[in-house]
Amino acid sequence: MAELFALDAMRHALVAALLVGAAAPAVGVFLVQRRLSLIGDGIGHVALAGVAVGVLFSTSPILTALIAAVLAACAIEFIRLRGTTNADVALAVMFYGGIAAGVVLLARADNAGQTSINQYLFGSILTTASDQLWQFGALALVAVGATTVLRKRLFAVANDEEYARAVGLPVVPLNLLLSVLTSVTVVLSMRVIGLLLISALMILPNATGQILARSFRLTTAIAVIIGCLSGLSGVVSAYYLDTPPGGTVVLVAVGIFLAASFASAVVRSTRARHARRVTHHAHEHREGCGHPTVRHGDHVDYLHDGEYHAPHKDHWDAHAPADAAPSPRRHDVDA
């Protein structure tokens, strides 16, 4: 019976991790675009107060956390629109007041012993029940569905609000919608990776996607894939290593980001070295220079240092190595 219970808990955890891994980057990509990468942390602080209210009155903590997070998101957008000089102070009061209220209310609740604050601060995915899984699924469907349907409009507003307003897009409603979707994602993620680590899964996969992709659509797709991969592999690793699942998921995402950064740096360095070698080619090839020649289309290639070199306007072209037939692969660099 214990093994069956553990199997069900693991299955629920994997499904929850998959849902969060898909939803968090799908919403987070627009926060990165708007340079609001850490807004999830602030909303998470207020959501803890909602959790405490739910525990105090013996109602659903997920529902009360969602209500508190949505109200906080709307307040953030209102403060941002007003643009007052004390806006950052107002946000700080709301965020820190929220987490302080959550700690105090949880301590005062009669059934607080059944609800450890660590479950929500750092995640407790292995205790996810089947009814909570349905709630997570509904929240994930809302987040992913809305960002997919409204992707172009949300991107336009996140990229340039003035342009979006000029072409007639409803900027304020779209910003409010993104804030609400951020709240939904925060509540969805709190039992998986915890309120203190939510922003990591919203931001890190997108940062990795920006390294690997050149377009917004491909960046989003890569981010969602990395989010799902981080969630699944993090939960499995936590199960076998007996480590906290939330922190393990985030560490996997950090590892993927560092690996992508290192690989990108190696590729750039390799291309730069090749470009310097071709650009600063000391030997000017010409007829009778002593290097073998190979007819290649409408010009002649010179075999030098294991590559085919040919002048082309203000730069040199480097073709396939000497043991292969000349190919149209080119590395054009300015001279």
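## Salt bridges, ring pairs and helices in a predicted model

Arg34 counts as buried, at 13% relative accessibility. This is a predicted model, and in it Arg34 forms a salt bridge with Glu77, with 3.7 Å between the closest N and O atoms. Glu77 also counts as buried, at 3% relative accessibility. Arg34 lies in the loop between α1 and α2 (39-56) and Glu77 in helix α3 (residues 61-82), so the pair ties together parts that are 43 residues apart in sequence.

The count of salt bridges comes to 3. Arg165 and Glu161 are 4 residues apart in helix α8 (residues 161-166), which separates them by about one helical turn. Arg165 and Glu162 are 3 residues apart in helix α8, again about one turn. An α-helix has 3.6 residues a turn, so residues three or four places apart point the same way. Through shared partners, the salt bridges join Glu161, Glu162 and Arg165 into one network. Arg165 is partly exposed at 39% relative accessibility, Glu161 is partly exposed at 21%, and Glu162 is exposed with a relative accessible area of 57%.

| Salt bridge | N to O distance |
|---|---|
| Arg34 and Glu77 | 3.7 Å |

The structure holds 3 aromatic pairs. In one of them, the ring centres of Phe30 and Phe216 are 5.6 Å apart and the planes stand at 50°, so the pair is tilted. Phe30 belongs to helix α1 (residues 2-33) and Phe216 to helix α11 (residues 216-241), so the contact ties together parts that are 186 residues apart in sequence. Both Phe30 and Phe216 are buried.

Tyr239 is found in helix α11 and counts as partly exposed at 42% relative accessibility, whereas Tyr240 is exposed at 65%. Asp242 lies in the loop between α11 and α12 (245-279). Asp242 has a positive phi of about 55°, although it is not a glycine, and is exposed with a relative accessible area of 71%.

Two further helices can be described by span and burial. Helix α9 (residues 171-189) has 19 residues and reaches 27 Å from its first C-alpha to its last, close to the 27 Å expected. Of its 19 residues, 14 are buried, so α9 is largely enclosed by the rest of the structure. Helix α10 (residues 198-212) has 15 residues and reaches 23 Å between its first and last C-alpha, close to the 21 Å expected. Helix α10 is mostly covered, with 11 of its 15 residues buried. The buried residues of α10 include Ile198, Leu201, Met202, Pro205 and Gly209.

The structure holds 0 disulfides. Among its cysteines, Cys74 is partly exposed with a relative accessible area of 30%, while Cys228 is buried at 15%.

Terms used
Residues numbered from 1 in each chain as written. Predicted model: local features only at pLDDT ≥ 70, side-chain atom pairs only at ≥ 80, totals over all residues. Heavy atoms only, no water. Phe/Tyr/Trp six-rings, centres within 6.5 Å; stacked < 30°, edge-to-face > 60°. Helix = DSSP H or I, 4+ residues; strand = E, 2+ residues; numbered from the N terminus. Buried < 20%, exposed > 50% of the residue type's maximum accessible area, 1.4 Å probe, protein only. Disulfide = S-S within 2.5 Å. Expected span 1.5 Å × (residues − 1). Salt bridge = Lys/Arg side-chain N within 4 Å of Asp/Glu carboxyl O.
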